[in-house]
Amino acid sequence: MTLNRRTLITAAGAASLTGLAACDENTMKSVQSRLNPTQAAGGAKAAAPAAATEASAAASAVSQTVRMPTEPWTYARFNAAMAASQRPQSITEAQFTEIQARKPAAIERIRAYLDGRFGAHDPNVIQAFESLPREYFHYAYAQDASTAYQAYEANPKPWAIGHGSVLSDYLGQAYMTQLAAPKPTDVTLEIGTGSGFQSSLLSRIVRDAYTIEIIQPIGEAVGKIWAPLGYDNVHGRVGDGYFGWPEVTEGFDTIMLTCVAQYAPPELFRQLKPGGKLIIPIGQPFRRGQVLYVYTKDADGRVHSRRDVGVFFIPMTGAMQTQARPAA
């Protein structure tokens, strides 16, 4: 069954949940009217993959432990990072303190949820969540306003961030991260940057995290958020994730889609390393019955698949809507 997004997640209930959600009804209606968001505000088209800004050719250093902040996360640091990312904010220091007070309970919900779903939580996933200031990623880009006050809500749910995109609920993000089983030497690719939280989460564990966003105003704005946090191993660009990121010639250990596709794009299989994992929601846009699939490529290049859980994501757009489904 699909996760009831309005049900409070507890340790007792975590084991029975079998679905994830990444889009609320209001956002779903908003996105449905934007079936081709490659057209940005003002008529500018999203950059094609070949013309997108390239990530640094130098590989980031491998960290054998989760990358933790080098300085305490304070109200002053929050303000400085928001200013450096060119995103105004208006929460007070008292509100900031209240947000921090909610974080431990949210971490406990994540731990209980992963224990219920996997039998045990991955300590690296929990530590990576602890390292990220989630309130920094709560932002309404269409209104150019911080929504940090929403962070660490007791009833986890997706939040609209504008232009038809969402910040997925934190339990779903934790689930997909542990499902990926990230390792320090891994190179990952996310299709559907959105708020930037998912790739930021992966980046605290893996060597390099690449991410592609098709909605130009989101991709351009979110591309400014990582440097102020010192996340130098996250590489983002605007483009159509259907084609992956072929310039990363070594390929990817994990490719994760945070949007629902009608089928798995062939190019993503080509860019998957032997032993790699493609995590992809498959189903029809704006309909129930979407399923998270996990594809793995063995040492001989053969691809194996399995169904995982029921999900509900906003749709993959661009070439996914125009390219003919490949022959089986």
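Guide: The model is a predicted one. An open sheet is formed by seven strands, which follow the order β7-β6-β5-β8-β9-β10-β11, and their pairing is mixed. At the edges stand β7 (234-238) and β11 (303-311); each has a single partner strand, so one side of each is left without a neighbour in the sheet. From one strand to the next, the twist averages 15°.

Strand β9 covers residues 272-282 and strand β10 covers residues 290-297; the two pair in the antiparallel sense, over six bridges. For Lys277, the bridge partner in β10 is Thr296.

Next come two helices. Two packed helices are described by the angle between their axes and the distance between the axes. Here the helices are α4 (residues 93-118) and α6 (residues 170-180), whose axes come within 10 Å and cross at roughly 50°. An angle from 65 to 115 degrees would count as roughly perpendicular and one under 35 as roughly parallel; α4 and α6 are therefore oblique to each other. The crossing in which α4 passes α6 is right-handed. On the α4 side, the contact is made by Ala106, Arg109, Ile110, Tyr113, Leu114, Arg117 and Phe118. On the α6 side, Tyr170, Leu171, Ala174, Tyr175, Gln178 and Leu179 take part. Sorted by class, the contact of α4 with α6 has ten nonpolar residues, one polar residue and two charged residues.

Two single residues complete the tour. Asn124 lies in helix α5, which spans residues 123-131. Its relative accessibility is 32%, so Asn124 counts as partly exposed. Leaving out residues up to four places away in sequence, Asn124 touches Val66 and Ile205. Between Asn124 and Ala181 there are 57 residues of separation in sequence, while their C-alpha atoms are 9.6 Å apart in space.

Thr147 is found in a loop, the one between β2 (145-146) and β3 (159-162). The relative accessible area of Thr147 is 10%, and buried means under 20%, so Thr147 is buried. With residues up to four places away in sequence again left out, Thr147 touches His138, Tyr139 and Ala140.

Terms used
Residues numbered from 1 in each chain as written. Predicted model: local features only at pLDDT ≥ 70, side-chain atom pairs only at ≥ 80, totals over all residues. Heavy atoms only, no water. Axes fitted to C-alpha atoms, helices over the stretch in contact; angles between N-to-C directions. Helix = DSSP H or I, 4+ residues; strand = E, 2+ residues; numbered from the N terminus. Parallel < 35°, antiparallel > 145°, perpendicular 65-115°, else oblique. Left-handed = near helix turned anticlockwise from the far one by under 90°. Contact = heavy atoms within 4.5 Å. Nonpolar A, V, L, I, M, F, W, Y, C, P; charged D, E, K, R; others polar. Pairing = 2+ DSSP bridges. Buried < 20%, exposed > 50% of the residue type's maximum accessible area, 1.4 Å probe, protein only.
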